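This briefing is for a reader meeting the structure for the first time. Please look over the sequence and the model before going on to the points below.

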Amino acid sequence: MKNPLINQKFAGLALAAVAGSVLFAGCGSDSDRSAAQMTSYESKQPAADTANLFTVPQDQMAHIQVVPVQKQSIERELRLTGTVTYNAFKTTPVFSPIGGPVAEILVAPGEHVSQGQTLLKVNSPDYALLRASYAKARDAYELADKSFKRSQDLYQHHAIAEADLQAAESVRTQAQADMQSSEDALRALGVKDPDALLKGPPSAQIPVIAPVGGEITDRLVGPGQLLQAATTQCFTISDLSTVWVLVNVYQNDLAAVRSGDSVEITTDAYPDKFHGRISYIAATVDPNTRTLQARIVTENPGEKLKNNMYVTATVKAGAVKNALIVPDSAVLRDTENMPFVYVQAGSNQFARRLVQIGESEGGKTRITDGLKEGERVVGDGSLFLQFRNSLQH
């Protein structure tokens with residue numbers, strides 16, 4: 001007669017083992033294997049199953065589900081960790097086109113600006129000189145133009161010689177060239193209407209305007225800071241409607257990843273799923289990690305994905321034909337986090353065998369090494385078997 005206290009203790013221990021099954025099952029979807037794991041696998045693989053055989057009493061076999069290892073096609077997914085960064089094709093550094101101290105800063109990081117909006121103002125003696133030069137050049141042109149028109153009238157009435165008319169025309173042409181040169185210098189500084197400068201009071205302040213629209217992601221100058229023309233970067237503006245996600249692809253998965261593949265992006269920060277496509281795969285393998293960097297252009301609705309945020313990228317990498325499949329519940333982990341299964345060696349005899357696993361999909365885990373088609377493994381009840389095995393040792 002069986003002792004009910006022993007059976008009750010046995011059931012309690014089995015229940016505790018079941019409570020930890022989530023951790024073991026969750027680890028079965030990782031398809032990447034480091035060199036250290038490979039070495040550990042080879043060194044721990046038993047030479048024969050019989051070395052670890054143990055027997056389960058026949059009356060307890062009802063707790064165990066034995067299933068055959070089968071071949072079938074399975075959708076392959078690569079889950080890659082990645083980091084969000086700005087889309088460099090939509091990120092623009094803003095430089096001051098002219099030198100001088102910063103007079104006023106009008107925007108701050110996090111603000112959205114439109115193209116042509118004033119970001120800051122600079123007190124610039126060089127700008128004041130260009131403004132004065134344009135005013136003088138325009139005045140000289142207007143005077144030369146009036147003189148030329150008067151000379152035309154006089155020439156038509158035979159009051160002056162043709163040479164005098166040509167001289168007046170030459171003076172007007174030179175004055176016009178000087179005015180256009182001064183105007184172009186002002187336009188290069190972002191002044192859209194140089195004539196409007198002449199209508200207001202003289203000022204040495206010039207605005208630094210936004211070349212594109214987007215969000216101010218960095219401010220790199222402070223009030224009073226002396227700027228050098230075309231050298232000092234003032235701001236960084238980025239259009240955050242799309243961002244880049246940079247991921248590392250192991251070289252053994254490279255054949256399954258192609259430019260243009262669709263990618264699903266998830267992060268612990270939001271329940272949302274973001275969507276993007278692989279736009280670039282690096283041409284060089286990192287000699288330390290044996291990975292290649294891939295760039296994913298990702299839609300960013302609501303600008304929720306932030307720079308340097310960690311994300312998970314899931315790549316649909318086609319289907320694996322004739323893959324060896326076992327139930328997720330068949331795969332357990334040992335104390336060193338190595339995956340293993342229980343293989344049936346007799347009617348009620350079993351052996352623990354280390355395996356290598358691939359992706360998991362729809363409750364099925366792919367076995368890449370360690371099992372053959374037709375072998376029978378324990379599915380549901382593998383935790384019960386693990387407990388029985390620990391009691392016998």
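What follows covers a hairpin, a helix, an open sheet and a loop residue. The model is predicted. Strands of a sheet pair through backbone hydrogen bonds, either parallel or antiparallel.

**Hairpin of β20 and β21**

- Strand β20 covers residues 356-361 and strand β21 covers residues 364-369; the two run antiparallel and are joined by four bridges.
- Two residues lie between the strands of this hairpin, and G362 has a positive phi there, near 60 degrees.
- S360 stands opposite T365, a residue of β21.
- T365 counts as buried because its relative accessibility is 2%, where the cut-off for buried is under 20%.
- The side chain of T365 makes a polar contact of 2.4 Å with the side chain of D328.

**Helix α5**

- Helix α5 runs over residues 162-188 and has 27 residues.
- At 1.5 Å a residue, α5 should span 39 Å, and this agrees with the 39 Å between its end C-alpha atoms.
- The buried residues of α5 are L165, A168, A175, M179, S182, E183 and L186.
- These buried residues pack against α4 (125-156) and α6 (194-197).
- After α5 comes G190, which has a positive phi near 100 degrees.

**Open sheet**

- Four strands form an open sheet in the order β8-β7-β5-β10, and their pairing is antiparallel.
- The edges are held by β8 (205-209) and β10 (226-227); each has a single partner strand, so one side of each has no neighbour in the sheet.
- Strand β5, residues 100-105, is joined to β10 by two bridges, and these strands run antiparallel.

**Loop residue V69**

- V69 sits in the loop between β2 (66-68) and β3 (70-86).
- With a relative accessible area of 2%, V69 is buried.
- In sequence, V69 and A323 are 254 residues apart, while their C-alpha atoms are 9.9 Å apart in space.
- Leaving aside neighbours within four places in sequence, V69 is in contact with L324, I325 and V326 and also with L371, K372, E373, G374, E375 and V377.

Notes. Residues numbered from 1 in each chain as written. Predicted model: local features only at pLDDT ≥ 70, side-chain atom pairs only at ≥ 80, totals over all residues. Heavy atoms only, no water. Pairing = 2+ DSSP bridges. Expected span 1.5 Å × (residues − 1). Buried < 20%, exposed > 50% of the residue type's maximum accessible area, 1.4 Å probe, protein only. Contact = heavy atoms within 4.5 Å. Polar contact = N/O pair within 3.5 Å; in protein donor to acceptor, adjacent residues only side chain to side chain.
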